[in-house]
Amino acid sequence: AGEEERLHHYRQLLSEALAGFQGEVISGGTASGVSGIVGGLSELLEEKDRSGFKTVGYLPNLLPRGAKTDDRYDLILDTGGSGFSPLEPLQMWLDLLASGVQPSRVKLVGIGGGKIAAIEYRLALSLGAEVGVLAESLRAAKELLNDDRWREHKNLVSMIPDKMTIRALILSPSSVLDRASLERAAESSHNNAIKKKRHKVTDPSMEPWDKLDKKFKESSIQQKLYAEAILRYGGYGVRKKPKSQIKLIKLPEDRLKLMAEMEHGRFNVERIRAGWKLGGKRDHLKKISPYLRPWIELSDDVQAWDLDYVAGWPRDLKEAGLEVYDLKDEPKEGK
């Protein structure tokens, strides 16, 4: 693909992945390449998605010939250098650390890049940030995944070009659900999956809850840990309430599909983090799955799994004493 086609692909991917994102997006600050895509996000995103969204660029005092500052960034910070160098990512990290930001809260999405990006990826991994790189973008991103010294790093994730998989990488887990509630909701969800016999063949992940391997239990708990964030993205909140007072709501089809797609993105990231690879037939021993792909590439039957799973969240969370409610029904401040 040509350069313009490539940039159009990543422009669409990032704008969809970051719609509704709350936080800072930091990049190079120039009007070209991926930096230019980040600078243009404020123009691409809808007005409702720009609240709480800020773009920050780091640039040297003297730009190389032909390079141009992107004035669409909310904030451009001058590193005082001459020409592009490792000073830009170093200054970014100095500022983040001085502001009290924990490296573990930083997510770096790597798309291609040259020598400086290669340093930036490794610096982020060294400090404890999670780095998700798109192998298809080649150059520094693919080189990192092929580097024997780094490819097995626990915080390095080989991403697929899917908007909801990228969004899942940067998703923050629940701040409301406690461990006991998560376990009760996970057990309820797991038991319902067994009743519906989702897997036609014998599968260790479908053992009864009290006999289930710890790693599968933890996987189910992690699903519920992120359920609140996914529900909020779909316009729903989660609150504690006596079970007798909880009203079960039915998630409408349009929002259900959105959240099911997001849940599949979360599934992709979880499996990739655990070392699973894309393959033709599911093999839990070799960690091979045919489902590690974008939502639109899944069959209707497989999509139905996620749709059915998310549709059951209000019921599963009720078992943990939690009510799913429409945020539009939330009382306004002062009322």
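Leu-138 is partly exposed, with a relative accessibility of 45%. In this predicted model, Leu-138 sits in the loop between strand 5 and helix 6 (139–145). Its backbone deserves a look on your screen: phi of Leu-138 is near 60°, a positive value in a residue that is not glycine.

You will find Lys-287 in the loop between strand 8 (277–278) and strand 9. With a relative accessible area of 34%, Lys-287 is partly exposed.

Now turn to strand 9, where Ser-289 has its place. Ser-289 counts as buried because its relative accessibility is 2%, and the cut-off for buried is under 20%. Leaving aside residues up to four places away in sequence, Ser-289 touches Phe-267, Trp-276, Lys-277, Leu-278, Gly-279 and Arg-282.

The side chain of Ser-289 also has a polar atom 3.1 Å from the backbone nitrogen of Tyr-291. For a sense of scale, the C-alpha atoms of Ser-289 and Pro-208 are separated by 22 Å, and the two residues are 81 places apart along the chain.

## Aromatic pairs

How many aromatic pairs does a search of the whole structure find? The search finds 3. One of them joins Tyr-291 and Trp-305: the ring centres are 5.3 Å apart and the planes meet at 80°, so this pair is edge-to-face. Tyr-291 belongs to the loop between strand 9 (288–289) and helix 11 (300–311), while Trp-305 is in helix 11, so the pair links parts of the chain that are 14 residues apart. Trp-305 is partly exposed, at a relative accessible area of 26%.

Tyr-309 and Trp-313 form another edge-to-face pair, with 5.7 Å from centre to centre and 80° between the planes. Are these two residues buried or exposed? Tyr-309 counts as buried at 9% relative accessibility, and Trp-313 counts as buried at 0%.

## Arginines over rings

Two arginines are placed over aromatic faces. Arg-239 lies over the face of Tyr-325, 3.9 Å from the ring centre. Arg-271 lies over the face of Trp-276, at 5.0 Å from the ring centre.

Tyr-325 leads us to strand 10, where it is one of the buried residues. Why is strand 10 (residues 322–326) described as largely enclosed by the rest of the structure? The reason is that 5 of its 5 residues are buried. Both faces are covered, with Leu-322, Val-324 and Asp-326 buried on one side and Glu-323 and Tyr-325 buried on the other.

## Helix 1 and its packing

At the other end of the numbering, helix 1 (residues 3–17) has 15 residues. From first C-alpha to last, helix 1 reaches 21 Å, close to the 21 Å expected at 1.5 Å a residue.

Which residues of helix 1 are buried? They are Leu-7, Tyr-10, Leu-13, Leu-14, Ser-15 and Ala-17. These buried residues pack against helix 2 (33–39), helix 3 (41–44) and helix 7 (163–170), as well as strand 4 (107–111) and strand 5 (130–134).

Terms used. Residues are numbered from 1 along each chain as its sequence is written. This is a predicted model: local features need pLDDT of at least 70, side-chain atom pairs count only at pLDDT 80 or more; totals for chains, interfaces and linings use all residues. Side-chain values use heavy atoms; hydrogens and water are left out. Rings of Phe, Tyr and Trp (its six-membered ring) pair if their centres lie within 6.5 Å; planes under 30 degrees apart count as stacked, over 60 as edge-to-face and the rest as tilted. Helices (H or I, at least four residues) and strands (E, at least two) are DSSP runs, numbered from the N terminus. Buried means under 20% relative accessible area, exposed over 50%, partly exposed in between (1.4 Å probe, protein chains only). A charge sits over a ring if NZ of Lys or CZ of Arg is within 6 Å of the ring centre and within 35 degrees of the ring normal. The expected span of a helix is 1.5 Å times one less than its number of residues. Contact means heavy atoms within 4.5 Å. A polar contact is a pair of N or O atoms within 3.5 Å; within protein, one must be able to donate a hydrogen and the other to accept it, and residues adjacent in sequence count only if both atoms are side-chain atoms.
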